[in-house]
Amino acid sequence: MTRLDWRKYGIEVPYGRTSGNVKVYCPQCRDQRHDKRDKSLSCDLATGMFNCHYCGFSGCAAEREQEEWRKPFYNPSPLRRQKPTYKKPTRTGNTALSAKALAWFRGRGISERTLSDMKVTEGLEWMPQKNGQANTIQFNYYKNGQLVNTKFRTGDKCFKLVSGAELLPYNIDAIKGTKECIITEGEMDALSFIECGRKDVISVPNGANANLSYLDDYIEEYFDDKDVIYIASDTDTKGVELRDELLRRFGVERCRVLEYGEGCKDANEHLQKFGRDSLLACIAAAPEMKIEGVFTVSDFEQSLDALFEHGLQKGVTIGHDNFDRLCSFETKRLCIITGVPSSGKSEFIDEIAERLNIRYGWRFAYFSPENAPLAYHASKLIEKFTGKQFDKDHLTYGEYKQVKQHLETNFFFISPKNDFRVDAILDRANLYYSHHNI
């Protein structure tokens, strides 16, 4: 059996449509198009085939599904998250930038001194988009003073990072121990703030990608001590998605979102048009986030626009076809499951959590007093992961040990000794959220 995974390719198709052909925006070329309203990507909703009539982006969103669920859960490799071994990049660029490169940066408000301080280099690099060597600007990523990754950029905005190297925020060393920090969407925006004298600035490494799982390893050491976090993402749709994910991770109570004014979509554009003092004024003017639970249309205007353009998008599913046709899941939602006593509500919630964990890597925290003691609840989860009864006669020690290790990093259990207030439970959940991304 097959399913169509459009989101894997960044394609947004109309919700509820399962047959026929539709035209949608192409995720590969829309941002570079002059006419951003042109829906150039043709999609066959029955077969999953797609093709862009403008840039040639094509493929198939169909994936095998049924057979995967017949495979045993186990594999020879342990499930415990091991610290990966990363490739160490070699510094290939020239320390001295060419006159042409320096002029390009000057035209964008970035001085030679800032480039030297940030160890920006230039040199030839093989770029997959060009299928050959190209001259590149090289943004070098350091951690604890050691080079750990490099982003290469060509003059026509082709990008790549070092394959196999660690993914981390650009300029991460600069915010260790500071009480504030600025988070930007790209290295050019980070350089813009550094040009203005703010050193406590980082950039996400992969643009407006809302997958920020690489931050998990940096939360405690680099972000827990921050009093204020300024979010300086772009103002386009992808930038708003990044902004919302950063707010979700760090909490609105200590975040402020920068606004660049009419006609400016990012920090570098504002620097070019209005200068250093004006960009610093954007930081000073960044408002505290509004009171929780009180909104006007302007607060969610961009999300409303996206809903108008693309319709309601289907969320993630658990792999039970009959159920998936009726219900899907997404974050930032409250899902209430109710029914008569002893009808299997808790068992089905465990099933949902187990499926979402296997399929999408979602982590969970439980407060489930009816499943006390905690070992009893964990044993029920192990039964769902293995499909076997929890005892020595049905479950081997190797299987038991492997799933137990998986639960250690993916499922967390809240069981306060005395304080059972909802606020106290949610406070504990919030700690799991910020440190383990539940």
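Here is a walk through the structure, from the overall chain down to a few individual residues. Keep in mind that this is a predicted model.

Let's start with the whole chain. It is built from 14 helices and 16 strands. For 438 residues, a compact globule would have a radius of gyration near 22 Å, and the chain has 24 Å, which agrees. Computed along the principal axes, the C-alpha atoms fill a box of roughly 75 × 55 × 50 Å. Of the 438 residues, 40% count as buried. If you take the contacts with a separation of 6 or more, 61% of them come from residues 24 or more positions apart. As for charge, the chain carries 62 positive and 63 negative charges, and their mean positions are 4 Å apart.

Now zoom in on helix 4, which covers residues 187–195. Nine of its nine residues are buried, so this helix is largely enclosed by the rest of the structure. The buried set includes Met188, Leu191, Phe193 and Ile194, but also Glu187, Asp189 and Glu195. Just after helix 4 you come to Gly197, with a positive phi of about 105°.

Next, the aromatic rings. A pair of aromatic rings is described by the distance of the centres and the angle of the planes. Across the whole structure there are 19 aromatic pairs. Take Tyr366 and Phe411: their ring centres are 6.4 Å apart and their planes sit at 20°, so this pair is stacked. Tyr366 belongs to strand 15 (residues 364–366) and Phe411 to strand 16 (residues 411–413), so the pair ties together parts that are 45 residues apart in sequence. Both partners are tucked away: Tyr366 is buried at a relative accessible area of 10%, and Phe411 is buried at 3%. Phe390 and Tyr400 also pair up, this time edge-to-face, with 5.8 Å from centre to centre and 65° between the planes. Phe390 sits in the loop between helix 12 (374–386) and helix 13 (397–410), while Tyr400 is in helix 13, so this pair ties together parts that are 10 residues apart in sequence. Here Phe390 is partly exposed, with a relative accessible area of 34%, and Tyr400 is partly exposed at 26%.

Although it is an arginine, Arg355 counts as buried, at 12% relative accessibility. Its C-alpha atom is 9.5 Å from that of His320, which is 35 residues away along the chain.

Finally, have a look at some backbone details. Most residues other than glycine have a negative phi, and most peptide bonds are trans. The bond joining Ala372 and Pro373 is cis, with omega at about -5°, and Pro373 lies in the loop between strand 15 and helix 12. Asn144 has a positive phi, near 55°; you'll find Asn144 in the loop between strand 8 (132–143) and strand 9 (146–153), where it is exposed at 53% relative accessibility. Ser342 also has a positive phi, about 60°. Ser342 is in the loop between helix 10 (321–324) and helix 11, and at 82% relative accessibility it counts as exposed.

Methods:
Residues numbered from 1 in each chain as written. Predicted model: local features only at pLDDT ≥ 70, side-chain atom pairs only at ≥ 80, totals over all residues. Heavy atoms only, no water. Helix = DSSP H or I, 4+ residues; strand = E, 2+ residues; numbered from the N terminus. Rg over C-alpha atoms; globule rule 2.2 N^0.38 Å. Buried < 20%, exposed > 50% of the residue type's maximum accessible area, 1.4 Å probe, protein only. Contact = heavy atoms within 4.5 Å. Lys, Arg positive; Asp, Glu negative; His and termini not counted. Charge placed at Lys NZ, Arg CZ, Asp CG, Glu CD. Phe/Tyr/Trp six-rings, centres within 6.5 Å; stacked < 30°, edge-to-face > 60°.
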